[in-house]
Amino acid sequence: MRIIRVYSRDGELISCSEPTDRLEENLSWKPQGSLIASTQRRFEPEINEEVLDVIFFEKNGLRHGEFTSRLPPGSKILDLDWSSNSEIIAVQLSHSIQLWTTKNYHWYLKQEISSINNNQIKYLQFHPEKPLKLMIGTHSSIEIVDLSYCISSGPTAAPYDLGMTLVTDGTTCMITPISIANVPPPASLREFDVDEPIYL
């Protein structure tokens with residue numbers, strides 16, 4: 001059992017979290033807001049395996065949401081880091097970085113960046129002012145990654161104007177034609193699973 005204690009700048013104890021079983025050493029404070037991210041291992045009886053979760057605590061010590069990392073049993077998360085605008089949390093693995101975002105209380109795996117020549121990653125760091133710029137360091141190289149996103153639209157002429165929306169989440173593509181099915185995210189009309197992560 002571990003407890004997270006939050007102190008003021010003057011060293012006064014502000015709060016303590018509830019005792020959390022199998023809480024790991026990773027901690028990352030969200031720049032905008034009062035969430036602290038950490039990792040926890042737990043046994044999932046439905047699949048009879050150990051899973052690794054990214055969990056969140058509020059500044060007052062209360063637990064506030066989580067998501068399952070979807071990593072194979074025995075995997076280890078080495079570090080967590082938030083982008084400067086608090087929209088992306090990077091999960092550092094030994095040879096790759098996963099980038100997660102959230103909308104409507106659902107966490108989406110949006111990108112996984114492998115290290116150059118499959119070298120072990122020693123550290124990761126978001127730029128302090130540019131939220132879509134990330135630095136990844138190995139024992140022999142430093143890689144600077146500039147992320148970007150775009151919004152694409154389909155045909156707008158009848159009868160092809162279905163308002164088709166696609167949302168990617170790791171290996172799942174969630175599809176909703178808004179003109180015929182008003183399904184609120186993170187739900188979708190159809191989901192398609194593929195063998196490899198979808199990165200548009």
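Helices (H or I, at least four residues) and strands (E, at least two) are DSSP runs, numbered from the N terminus. Two strands pair if DSSP finds at least two bridges between them. This is a predicted model, where local features need pLDDT of at least 70, side-chain atom pairs count only at pLDDT 80 or more, and totals for chains, interfaces and linings use all residues. Residues are numbered from 1 along each chain as its sequence is written, and side-chain values use heavy atoms, with hydrogens and water left out.

Q: In β15, which residue is the bridge partner of T168?
A: Let's start with the strands: β14 covers residues 164-169 and β15 covers residues 172-177. They run antiparallel and are joined by six bridges. In β15, T168 has as its bridge partner C173.

Q: Which residue in the turn of the β14 and β15 hairpin has a positive phi?
A: Two residues lie between β14 and β15 in this hairpin. The phi in question is about 65°, and it belongs to G170.

Q: Is C173 buried or exposed?
A: Buried means under 20% relative accessible area, exposed over 50%, and partly exposed in between (1.4 Å probe, protein chains only). C173 has 15% relative accessibility, so C173 counts as buried.

Q: How many disulfides are there?
A: A disulfide is a pair of cysteine sulfur atoms within 2.5 Å. By this rule, the count is zero.

Q: Which residues is E58 in contact with, leaving aside its neighbours within four places in sequence?
A: E58 sits in strand β5, residues 49-58. Its relative accessibility is 23%, so E58 counts as partly exposed. Contact means heavy atoms within 4.5 Å. With those neighbours left aside, E58 is in contact with S34, L35 and H64.
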